[in-house]
Amino acid sequence: MWNWLRLVKDSVSEKTIGLMRMQFWKKTVDDVYCDSPPHQPVAIELWKAVKRHNLTKRWLMKIIDEREKNLDDKAYRNIQELENYAENTQSSLLYLTLEILGIKDLHADHAASHIGKAQGIVTCLRATPYHGSRRRVFLPMDICMLHGVSQEDFLRKSQDKNVRDVVYDMASQAHLHLKHARSFHKSVPVKAFPAFLQTVALEDYLKKIQQVDFDIFHPSLQQKNTLLPLSLYIQSWRKRY
């Protein structure tokens, strides 16, 4: 379901079609919680998960609502708008993951909130070259204006210092959210750690972008880290996130 929602924006040519698909998922979730899921494989599996883990409907609806609002091809007005989007999508998904793990803990929720926001910022940065190839720029306008950078600067893959300063500010905000999430490390139940292992990939990207002096278009950022699975295993073994 999550992948389908994520791909709606890029797979439809008209906003109206995207809205229709979102309405389908809203009705599907309503039907699932009324114990009458449509005869569709994803819906049936979602119904089973809801029954098995008593998943909170609010988190599911937040993900759909936020994806629906994001169908417009508009840049985020400010970093807070991007963080709100991340909270309602990435963090909501983490709250659901915690429920699947049987965890109800305030510290785990706080960590999930910050990790989700870090994920949202990093995803926005990582997707910038792809979006640029389609003549779209979604980076927060307030940070771009602060450094005197226009959308055209990103479309022509500028490597000017001002452009790199925009990327630096965003990467720093993502790093700050990771730092806040890890500040709860000693209070978060160990059972929650598997839900947070995505921090390994987030930190890997943030380190790589620092190494190329925040040049978001550097070819090395598009290469896979073959050691990432090992890093994930080590963090899992160390019971850290």
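A residue counts as buried when its relative accessible area is under 20%, as exposed when that area is over 50%, and as partly exposed in between. These words are used in the legends below, which describe close-up views of a predicted model.

**View 1. The ring pair of Tyr168 and Phe214.** The ring centres of Tyr168 and Phe214 lie 5.1 Å apart and the planes meet at 90 degrees, so this aromatic pair is edge-to-face. The pair links distant parts of the chain, as its two members are 46 residues apart. Tyr168 belongs to helix H10 (residues 161-182), whereas Phe214 is found in the loop between helix H11 (198-211) and helix H12 (228-237). Phe214 has a relative accessible area of 13% and is therefore buried. Tyr168, at 42% relative accessibility, is partly exposed.

**View 2. The ring pair of Phe24 and Trp25.** The structure holds six aromatic pairs. One of them joins Phe24 and Trp25 in an edge-to-face arrangement, with 5.1 Å from centre to centre and 70 degrees between the planes. Trp25 is buried, because its relative accessibility is 3%. Phe24 is partly exposed, with a relative accessible area of 38%.

**View 3. An aromatic cluster.** Three residues, Phe193, Phe196 and Tyr241, together form one aromatic cluster.

**View 4. Arg58 and the ring of Trp59.** Arg58 is placed over the face of Trp59. The distance from Arg58 to the ring centre of Trp59 is 4.3 Å.

**View 5. A nonpolar patch on the surface.** Leu227, Leu230, Tyr233, Ile234 and Trp237 make a nonpolar surface patch of about 600 Å². Among these residues, Tyr233 is located in helix H12. Tyr233 has a relative accessibility of 57% and therefore counts as exposed.

**View 6. Lys15 and its contacts.** Lys15 is part of helix H2, which covers residues 15-33. Its relative accessible area is 40%, so Lys15 is partly exposed. When residues up to four places away in sequence are not counted, Lys15 touches Leu71 and Asp72. Gly148 is 133 residues from Lys15 in sequence, and the C-alpha atoms of Lys15 and Gly148 are 31 Å apart in space.

Methods
Residues are numbered from 1 along each chain as its sequence is written. This is a predicted model: local features need pLDDT of at least 70, side-chain atom pairs count only at pLDDT 80 or more; totals for chains, interfaces and linings use all residues. Side-chain values use heavy atoms; hydrogens and water are left out. Helices (H or I, at least four residues) and strands (E, at least two) are DSSP runs, numbered from the N terminus. Buried means under 20% relative accessible area, exposed over 50%, partly exposed in between (1.4 Å probe, protein chains only). Contact means heavy atoms within 4.5 Å. Rings of Phe, Tyr and Trp (its six-membered ring) pair if their centres lie within 6.5 Å; planes under 30 degrees apart count as stacked, over 60 as edge-to-face and the rest as tilted. A charge sits over a ring if NZ of Lys or CZ of Arg is within 6 Å of the ring centre and within 35 degrees of the ring normal. Patches are made of residues with over 30% relative accessible area and no salt bridge: like charges are joined within 9 Å, nonpolar side chains (Val, Leu, Ile, Met, Phe, Trp, Tyr) within 5 Å. Accessible areas come from the Shrake-Rupley method with a 1.4 Å probe; for residues, only the protein chains shown count as cover. A salt bridge is a side-chain nitrogen of Lys or Arg within 4 Å of a carboxyl oxygen of Asp or Glu.
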